[in-house]
Amino acid sequence: MSALVLISALIIGLSVGLLGSGGSILTVPVLVHLVQLPEKIAIVSSLGVVAQISFIALLPYLWRRHLDFALFKRFAVPAFFGTLLGVALAQWLHSSFQLLILAILMLGSAANMWRQHIWQWQIHSSLLLAALAMCLGMLTGLVGVGGGFLIVPLLLAVTTIPMSGAIACSLALIFLQSSTGFISHYWLMSVQGESLPLELIGWLGLIGAGGSLLGIILSAYIPQLWVRKSFSILLMGTAVSLLWPVFSL
């Protein structure tokens, strides 16, 4: 692995530790452009990397008892089945269309992160919340993102939990969705005789996990607005790098 790939894994972990989201949306572009994995392999590998990072990042929040398990369970079940649906749909979509969906999500997330105050949606219907959780899970299985950039503002909008609680719940959901998506994709690929770069996934996950713990420490000293704006610029640039090959044809 090149030094640039290792630094990118560290940045992915830092974004998870600082924001409770964002790591997964950067992992696919890193695997496609820097590691030069085929798009389908990159999307599945991203899920394995993010599952490791989110699990390690979650541990300090579990230690401090910031995770609301009742709230987590409300989102976990529909998100789980949504992820399985996304995995099934991914088998029928061309990889370029998956990357297009990812780039659009990145641009939307970048616009949200750039704002002084993150967009929030007032949702009080339990049925609508379950539907949204299922959609987030479907996106995870479909394009290899954990959905934290959507989960955190959603939780802040519809509950009274503090930011630390929203991040803890987001990380738990990202771990659930990413691990479910990775295991499902891995099983399907094994049946089809395809393989994944498991050693690469392990190393990137390990380095990203270290970055996430460093991000949690730094979050107490770095203004969140500055972090969000910097992350927004990074997201926009990465989205353009994904869209450029599509529109330059």
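**Helices that meet and cross**

Start with helix H6, where Ala133, Leu136, Gly137, Thr140 and Gly141 meet Gln177, Ser178 and His185 in helix H8. Sort the residues of this contact by class and you get two nonpolar, six polar and no charged. One thing to keep in mind as you look around: this is a predicted model.

How do these two helices lie against each other? The axes of H6 (residues 126-143) and H8 (residues 163-191) come within 9 Å, and they cross at roughly 45 degrees. Roughly parallel would need an angle under 35 degrees, and roughly perpendicular begins at 65, so H6 counts as oblique to H8. The crossing itself is right-handed.

Now zoom out to the whole chain. How many helices and strands does the secondary structure have? There are 10 helices and zero strands. If you read along the sequence, the pattern is α-α-α-α-α-α-α-α-α-α. The chain has 249 residues, and 52% of them are buried. Take the contacts with a separation of 6 or more: 82% of those come from residues 24 or more positions apart.

Back to H8, which also has helix H4 (residues 69-90) alongside, with the two axes coming within 9 Å. The crossing angle here is roughly 30 degrees. That falls under the 35-degree cut-off, and therefore H4 and H8 count as roughly parallel to each other. H4, too, passes H8 in a right-handed crossing.

Which residues make this contact? On the H4 side, you can pick out Leu71, Phe72, Phe75, Ala76, Ala79, Phe80, Thr83, Leu84, Val87 and Ala90. On the H8 side, look for Cys169, Ala172, Leu173, Leu176, Gln177, Thr180, Gly181, Ser184, His185 and Leu188. By class, the contact of H4 with H8 has 14 nonpolar, six polar and no charged residues. An α-helix has 3.6 residues a turn, so residues three or four places apart point the same way.

Let's follow two single residues through this region. Alanine 133 sits in H6. Is it buried or exposed? Its relative accessible area is 2%, so alanine 133 is buried. Leaving out residues up to four places away in sequence, alanine 133 touches Phe75, Pro78, Ala79 and Gln177. Phe75 and Ala79 are among the H4 residues that meet H8, and Gln177 is one of the H8 residues that meet H6. Alanine 133 also shows how folding brings together residues from separate parts of the chain: alanine 76 is 57 residues away along the chain, yet the two C-alpha atoms are separated by 7.6 Å.

The second one is threonine 180, which lies in H8. With 10% relative accessibility, threonine 180 counts as buried. Its contacts, again not counting residues up to four places away, are Phe80, Thr83 and Leu84. In sequence, threonine 180 is 40 residues from threonine 140, and in space the two are 9.2 Å apart, C-alpha to C-alpha.

Which residues of H9 are buried? They are Leu200, Ile201, Leu204, Gly205, Gly208, Ala209, Gly211, Ser212, Gly215 and Ile216.

Beyond the residues up to four places away in sequence, serine 8 touches Val30 and Leu34.

Finally, have a look at two loop residues. Glutamine 36 lies in the loop between helix H2 (23-34) and helix H3 (39-63). Although glutamine 36 is not a glycine, it has a positive phi of about 60 degrees. At 65% relative accessibility, glutamine 36 counts as exposed. Arginine 65 is found in the loop between H3 and H4. This residue is not a glycine either, and arginine 65 has a positive phi of about 60 degrees. With a relative accessible area of 75%, arginine 65 is exposed.

Conventions: Residues numbered from 1 in each chain as written. Predicted model: local features only at pLDDT ≥ 70, side-chain atom pairs only at ≥ 80, totals over all residues. Heavy atoms only, no water. Axes fitted to C-alpha atoms, helices over the stretch in contact; angles between N-to-C directions. Helix = DSSP H or I, 4+ residues; strand = E, 2+ residues; numbered from the N terminus. Parallel < 35°, antiparallel > 145°, perpendicular 65-115°, else oblique. Left-handed = near helix turned anticlockwise from the far one by under 90°. Contact = heavy atoms within 4.5 Å. Nonpolar A, V, L, I, M, F, W, Y, C, P; charged D, E, K, R; others polar. Buried < 20%, exposed > 50% of the residue type's maximum accessible area, 1.4 Å probe, protein only.
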